[in-house]
Amino acid sequence: MPTDSSDQTAPPAELDTEALQRRYRAERDKRLRPDGMSQYMRLTARFAGLDGDPYLPVRDREPVTDHVTFAFIGGGFAGLTAGARAREAGVEDIRIVEQGGDFGGVWYWNRYPGVMCDSTSLVYMPLLDETGYIPTEKYAHGPEILEHARRIGRHYDLYDKALFHTRVTALDWDENASLWTVTTDRGDRFTANFVGIGPGPLNIPKVPRIPGIDTFAGHMFHTSRWDFAYTGGDDSSAYRSGSGTEDSPVTAGAPLDKLNDKRVAVIGTGATGVQIVPSLAKDAGELFVFQRTPSGVDVRANGPIDPEEFARIATPGWQKRWLDNFLEAVIPPFGPPGPDEPEDYVNDGWTEIAKRARANLRQVPPEEFTPERVGAVMTEADFHKMDQIRARVDAVVDDPETAEQLKPWYRQFCKRPCFHDEYLQSFNRPNVHLVDTDGKGVERFTEHAVVVDGTKYEVDCVIFASGFEYGSPLHERMGYPVTGRGGQKLAEAWADGMRSLHGMFVHGFPNMFVVQNPQGAYFGPNMTQGWDEAAKSMAAVVGGTLSRGQAEVEVTEEAQNAWCDMLLQGHPHVYDVECTPGYYNNEGEPLGLAQRLEGPYPLGPVAFFRMAEEWWKSGEFEGLAFRRARQGGDDVDSGSRQLLREIREVAEMDPLHTQALPGSP
Ligand code: NDP
């Protein structure tokens, strides 16, 4: 297994923290803008690849009008883990409905050159243990992750009933039949006992409303709809960067050969921009990288996974152990850390961040462990970490002026931390030009140019690495109306902000599960773990309903209110107003009730997952109400019988839970 080559042990330099604080504030202040989130818009018809699917043709098919036990909307890892856990639990008829032409979600749409995962594959790629797959690299590239999504689909037999290239247009609860009706843009109208909704947080690409954007006559597309017909290359171009180490970058995959004589602009230097620049730098005639705020880019140290070493790791249940270990290693403690540093299996840039925090917190005597003291220690540690990241820029980038402009001046978690060993190096190429906008962003477009501070940069093509709509309400990003009990719309129920239990169960919307970030586990570096934990909870609730011989399950209003009250009393938003603006801190705008309601579980993801697991394993499902005997009374169907057996088996392994099994005498 490769190791992280960054020197994390170097003694910290003396820093003028007051001067740094002033610099951070100045950098934030010059980026604050009155239009906040509304500075962005969704893609218009002006962008290539917006209509249909740039990767797979849409095939004609007959509309579907049947019934399934469990339908899930979204075929990314949320839907796949939901399908997998429901299948393991014995649910026989499962249907995933997906807008893309295959499973994969973000990995289906994001095929840009250099696409890879920032979290190590052994914890990011779900169900490795179950499918028996060994990832090839410590940080897998997009195509391998996409293929793993397909593998899960095949392994759990989820293709058979799946509907691809299909957009749900409405979800309606039928109170008489206790069923959901799912309507789609392909003429489908089928029913389901239970529905899950997993749109993912990055499902709608956004672009800045730059004046003149529609007058630009050259080519334009968003990174999540990569136009290989224009650039040359194909999915394998993902391997054109990020495979090697700082000392020995590996170049592989189809070149973007149609860009050889082109002047290309990239707008955006977040996690995606950092990943595409190295490939474009290799292949474009001239590359102009338009930067509003630099990312902090730490060492990646990718490399192959050694099958022999993997064989030593992969004893039964290995991935669950790795996931637990990663979560414990990556989350800074919520109280005084233990005296010994826990073993760190993953050992990468993410776990290093928390390791550093724990090391610093160990210096604080337990009696002085106040929020103020902890805050001061963490701030000091952060100054040093960011100093190290800025020093890396100086060490890598030849031109001192360019290096200066590439330095991030903010706390590490104001922006998504990035890890790459070819991004900063790209700026040493003669064909690559950093256009720093000093926090202001691109000024405007003309017919042939991108304009910054009055200077025109003539380009043939503009690639927007400008991210995804994040702050808008979930029900808007879902893109279809959901009508629950009594004809109530989800948009009405959430008019003042999202309300749920565990971020998943919504009062007034029986037999419905929402799988997303807010109100539950953290927006951490390993989202798939959250999806899988949600999937287990969902499968248990489906089984719990069926095994009780009931047709409906719904969270009580009291339980939902108690959960939301607890969230509102929790920690304030962690990404504070002192940060440079971005989607992590609501673009620097104050948090209203709706944003505060979208906070995470205050005690953090380790505690959340533990609590949620105990909750579903108990079989009591406190806060949920079960009602309406299914036709045939308590004649439990075969799926739920198997599920019940599974729950019993799990619980029997854990004596704490044997008291409260569903159906226990
Ligand atoms: P981001 O929202 O993180 O970045 C958008 C970029 O566009 C920022 O650099 C932003 O600058 C810039 N920008 C916006 N408006 C303008 C403008 N008018 N002029 C110039 N620049 C502008 O989007 P990404 O696609 O990079 O990343 C989104 C998320 O996707 C990540 O946070 C991460 O969660 C995920 N991701 C995950 C990966 C993984 O490995 N798992 C890999 C890639 C992405 P500013 O910072 O000033 O706002």
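Contact here means heavy atoms within 4.5 Å. Helices (H or I, at least four residues) and strands (E, at least two) are DSSP runs, numbered from the N terminus. The model is predicted: local features need pLDDT of at least 70, side-chain atom pairs count only at pLDDT 80 or more, and totals for chains, interfaces and linings use all residues. Residues are numbered from 1 along each chain as its sequence is written, and side-chain values use heavy atoms, with hydrogens and water left out.

**View 1. Helix α11 against helix α12.** Helix α11 spans residues 349–361 and helix α12 residues 371–396. They pack at an angle of about 135°, with their axes 9 Å apart. Axes are lines fitted to C-alpha atoms, for helices over the stretch in contact, and angles run from 0 to 180 degrees between N-to-C directions. The two helices are therefore oblique to each other; angles under 35 degrees count as roughly parallel, over 145 as roughly antiparallel, 65 to 115 as roughly perpendicular and the rest as oblique. The crossing of α11 and α12 is right-handed. A crossing is left-handed if the near helix is turned anticlockwise from the far one by less than a right angle, and right-handed if clockwise. From α11, Glu-352, Arg-356, Ala-357, Asn-360 and Leu-361 take part. Their partners in α12 are Val-374, Val-377, Met-378, Ala-381, His-384, Lys-385 and Gln-388. By class, the contact of α11 with α12 holds six nonpolar, three polar and three charged residues. Ala, Val, Leu, Ile, Met, Phe, Trp, Tyr, Cys and Pro count as nonpolar, Asp, Glu, Lys and Arg as charged, and the others, Gly among them, as polar.

**View 2. Helix α17 beside helix α20.** The axes of α17 (residues 527–547) and α20 (residues 604–618) cross at roughly 15° and come within 9 Å. That makes the two helices roughly parallel. Their crossing is left-handed. Gln-529, Gly-530, Glu-533, Lys-536, Ser-537, Ala-540 and Val-541 of α17 meet Phe-609, Trp-615 and Trp-616 of α20. Five nonpolar, three polar and two charged residues make up the contact of α17 with α20.

View 3. The whole structure contains 34 aromatic pairs. Rings of Phe, Tyr and Trp (its six-membered ring) pair if their centres lie within 6.5 Å; planes under 30 degrees apart count as stacked, over 60 as edge-to-face and the rest as tilted. Phe-70 and Phe-72 are edge-to-face, with ring centres 6.4 Å apart and planes at 65°. Both residues are buried, meaning under 20% relative accessible area; exposed is over 50%, and partly exposed lies in between (1.4 Å probe, protein chains only). Tyr-108 and Trp-109 form another edge-to-face pair, at 5.1 Å centre to centre and 85° between the planes. Tyr-108 is buried at 0% relative accessible area, and Trp-109 is buried at 15%. Phe-70 and Phe-72 also belong to one aromatic cluster with Phe-194, Phe-505, Phe-513, Trp-615, Phe-621 and Phe-626.

**View 4. Positive phi in two loops.** Ser-178 is not a glycine, yet its phi is positive, about 55°. Ser-178 sits in the loop between β4 (168–174) and β5 (179–184). Its relative accessibility is 4%, so Ser-178 counts as buried. Ala-301, also a residue other than glycine, has a positive phi near 55°. The loop that holds Ala-301 runs between β11 (297–298) and α9 (307–313). Ala-301 is buried, at 6% relative accessibility.
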